[in-house]
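Let's walk through this model together, one element at a time. Have the sequence and the coordinates open as you read.

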Amino acid sequence: MINQATFTEKQYLGRDFNRISIRITMALFCFGAYYLSAQKENTAELLLMVGAGILIGSVLMLFMVHYRTTIKNKSIIIDGLWTTRLVKIDLNSIVKVARTKYSHYIINNPVYNLHSKGKIRFYAGGKEALSLIDRDGLEYLIGTQHPEEFEEAVKKEMNS
């Protein structure tokens, strides 16, 4: 029971709707330019290959985990992609937990352990995030697809 996770969520790199739309639009532009080019030269073939490369890369990114959030043993463990370091947030030092909007921008870049303006950000997709403030005033902003479940799990783990 001690080692069992209270909450686990995977954030995927390529599943953000805005980024998918951009990649599909670029691929369609490449395919359209290939089709409309009157002379089938090397440049036309290059457009076809670039469009196919964008589509293949987009499909691969759909299955690429950006980071994994796990809550267990009174801590939040955020494990990132390949060379990123494991981040462990001790829930005993957290004084405030609030569900919030991640950003007021429409399109946000995926980030992992980004320190800026007194906040540490983790984001892959979605509109909502969980804001955790520790005793030192440092704020962790963790993007999530399941904000209600995440907040409930954090509060449950803090109270146990």
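Strands here are DSSP runs of E with at least two residues, helices are runs of H or I with at least four, and both are numbered from the N terminus; two strands pair if DSSP finds at least two bridges between them. Within this pair, isoleucine 120 sits opposite tyrosine 140 of β9.

Before going further, a word on the source: this is a predicted model, in which local features need pLDDT of at least 70 and side-chain atom pairs count only at pLDDT 80 or more, while totals for chains, interfaces and linings use all residues. Residues are numbered from 1 along each chain as its sequence is written, and side-chain values use heavy atoms, with hydrogens and water left out.

Now step back to the whole sheet. It is open and built of five strands in the order β5-β8-β9-β7-β6, with mixed pairing. β5 (94-101) and β6 (111-116) are at the edges with a single partner strand each, so one side of each has no neighbour in the sheet. On average, neighbouring strands are turned by 20 degrees against each other, direction ignored. Across β5, β8 (128-134) and β9 lies helix α3 (residues 147-159), running at about 175 degrees to β5. Such angles run from 0 to 180 degrees between N-to-C directions, with axes fitted as lines to C-alpha atoms, for helices over the stretch in contact; contact means heavy atoms within 4.5 Å.

What holds the most contacts inside the largest nonpolar core? Ile76, Ile78, Phe122, Leu132, Ile142 and Val154 do, in a core of 21 residues. A nonpolar core is a set of buried Ala, Val, Leu, Ile, Met, Phe, Trp, Tyr and Cys residues joined through side-chain atoms within 4.5 Å, where buried means under 20% relative accessible area, exposed over 50% and partly exposed in between (1.4 Å probe, protein chains only). α3 contributes the most to this core, with three residues. Apart from it lies another core of five residues, including Tyr102 and Leu141.

Finally, turn to helix α2 (residues 42-62). Its buried residues Ala44, Gly51, Ile54 and Ser58 cover an arc of only 80 degrees around the axis, which puts them on the same side of α2; the arc is taken from the directions from the helix axis to the C-beta atoms. The buried residues of α2 pack against α1 (17-36), whereas the face turned away from them carries the exposed Asn42, Met49, Ile56 and Leu60.
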